[in-house]
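Hi,

Here is the structure I said I would pass on. Have a look at it first, and my notes on what turned up follow below.

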Amino acid sequence: MGTEPQDSDDLRLFHTGEHACGYWPERAARDLVLDPRDPRLRHWYPHALGWGFRRSGDIVYRPHCAGCRACVAVRIPVDRFVPDRSQRRCLARNANVEMRVLPAHRTAEQLALYRRYLASRHAGGGMDGHGASEFDQFLIGSWSEGRFLELREPSPQGPGKLLAVAVTDCTDVSLSAVYTFYEPDLADRGLGTLAILRQIEWARRERRRHVYLGYWIDGHPKMDYKRRFRPLEAFDGRQWHDLP
């Protein structure tokens with residue numbers, strides 16, 4: 001934990017120390033973190049999403065790097081979203097995929113899929129050794145109102161093959177996409193895109209206003225997919241506005 005608390009009447013914030021940037025390895029990064037010991041963190045979290053923060057395990061943070069503002073918090077305004085041609089094709093290609101929203105409790109099947117995904121997509125990145133405890137610490141935490149959105153192959157005899165899991169936080173007015181992992185051998189089916197489209201459907205069905213997608217970085221190849229969800233709102237540090 002950092003050493004620079006910023007006190008207010010209602011909330012304590014901390015700067016972390018410098019650490020390697022998860023997106024640009026040659027850069028040093030710092031985060032602004034809500035006090036993880038504050039018992040009101042569950043209460044503050046929906047507000048923090050609107051301030052550009054994000055959750056990882058029990059930590060609610062926002063990048064706050066010296067001389068760099070590359071990470072931009074983004075969200076989808078559910079009522080205004082219209083899928084583009086490519087997204088409509090993704091929905092049609094996966095029309096028979098079944099969706100289930102479950103409590104955030106790890107299963108052996110989910111853990112096995114998570115580990116296959118990390119081994120394929122993040123080999124050597126520090127996460128590929130994750131096991132059950134890391135899964136729980138990173139994706140579930142101790143206080144979040146999370147759900148697991150499962151995508152499965154259809155089956156007349158109970159749940160079909162697990163294709164993807166979208167870890168999703170729920171608040172009264174929004175959903176937040178925490179992390180998605182899917183079958184790496186089926187990348188051509190666009191399961192990551194499908195998971196976001198199903199989260200939007202879920203939010204619309206329950207009259208939630210936004211789906212938060214975490215951070216977008218202009219020019220970063222792993223972030224380009226977020227720009228395909230339009231309109232997309234970005235937080236400039238003070239207010240939300242449409243990305244051009």
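Within the largest nonpolar core, which has 51 residues, the members that touch the most others are I76, Y114, L139, Y179 and F181. By nonpolar core I mean a set of buried Ala, Val, Leu, Ile, Met, Phe, Trp, Tyr and Cys residues joined through side-chain atoms within 4.5 Å; buried is under 20% relative accessible area, exposed is over 50%, and partly exposed is in between, with a 1.4 Å probe and protein chains only. At least two residues of this core come from each of β8 (72-77), α3 (108-121), α4 (132-140), β10 (146-152), β11 (162-170), β12 (174-182), α5 (191-205) and β13. The largest share is from α5, with eight residues. Element names follow DSSP runs numbered from the N terminus: helices are H or I with at least four residues, strands are E with at least two.

Before going further, the ground rules. This is a predicted model, where local features need pLDDT of at least 70 and side-chain atom pairs count only at pLDDT 80 or more, while totals for chains, interfaces and linings use all residues. Residues are numbered from 1 along each chain as its sequence is written, and side-chain values use heavy atoms, with hydrogens and water left out.

The search ran on a 1 Å grid over the protein atoms alone: a cavity is a set of points where a 1.4 Å probe fits but cannot get out, a pocket is an open set with protein on both sides within 12 Å along at least five of seven lines, and lining residues have an atom within 4 Å of a point. Points are joined across faces, edges and corners, and a volume is the space filled by probe spheres set on them.

That gives one cavity of 30 Å³ or more. The largest cavity holds about 60 Å³ of space, and its lining is made of L49, G52, F53, R54, A73, V74, S176, Y212, L213, G214, Y215 and W240. β8 and β13 are the elements that give two or more residues to this lining, and β13 has the largest share, four residues. By class, the lining of the largest cavity splits into eight nonpolar, three polar and one charged. Here Ala, Val, Leu, Ile, Met, Phe, Trp, Tyr, Cys and Pro count as nonpolar, Asp, Glu, Lys and Arg as charged, and the others, Gly among them, as polar.

The second largest pocket has a volume of about 200 Å³. Around the second largest pocket sit P46, H47, R75, C170, T171, D172, V173, S174, R209, H210 and Y212. Both α1 (41-50) and β13 (210-216) put at least two residues into that lining, which has four nonpolar, four polar and three charged residues. Y212 is on this list and also lines the largest cavity.

A bit more on α1: its buried residues are L41, W44, Y45, A48, L49 and G50. After α1 comes G52, with a positive phi near 90°.

What does the side chain of H15 make a polar contact with? The partner is the side chain of H64, at 3.4 Å; a polar contact is a pair of N or O atoms within 3.5 Å, where within protein one must be able to donate a hydrogen and the other to accept it, and residues adjacent in sequence count only if both atoms are side-chain atoms. H15 lies in strand β2 (residues 12-15) and is buried because its relative accessibility is 9%. H64 is in the loop between β7 (59-63) and β8, and at 28% relative accessibility H64 is partly exposed. L13 is also in strand β2 and is buried, at 17%.

Most residues other than glycine have a negative phi, and most peptide bonds are trans. R207 has a positive phi of about 60° although it is not a glycine; R207 is in the loop between α5 and β13 and is exposed, with a relative accessible area of 77%. The other is a cis peptide bond joining R230 and P231, with omega about 0°. P231 is in the loop between β13 and β14 (233-235).

Cheers
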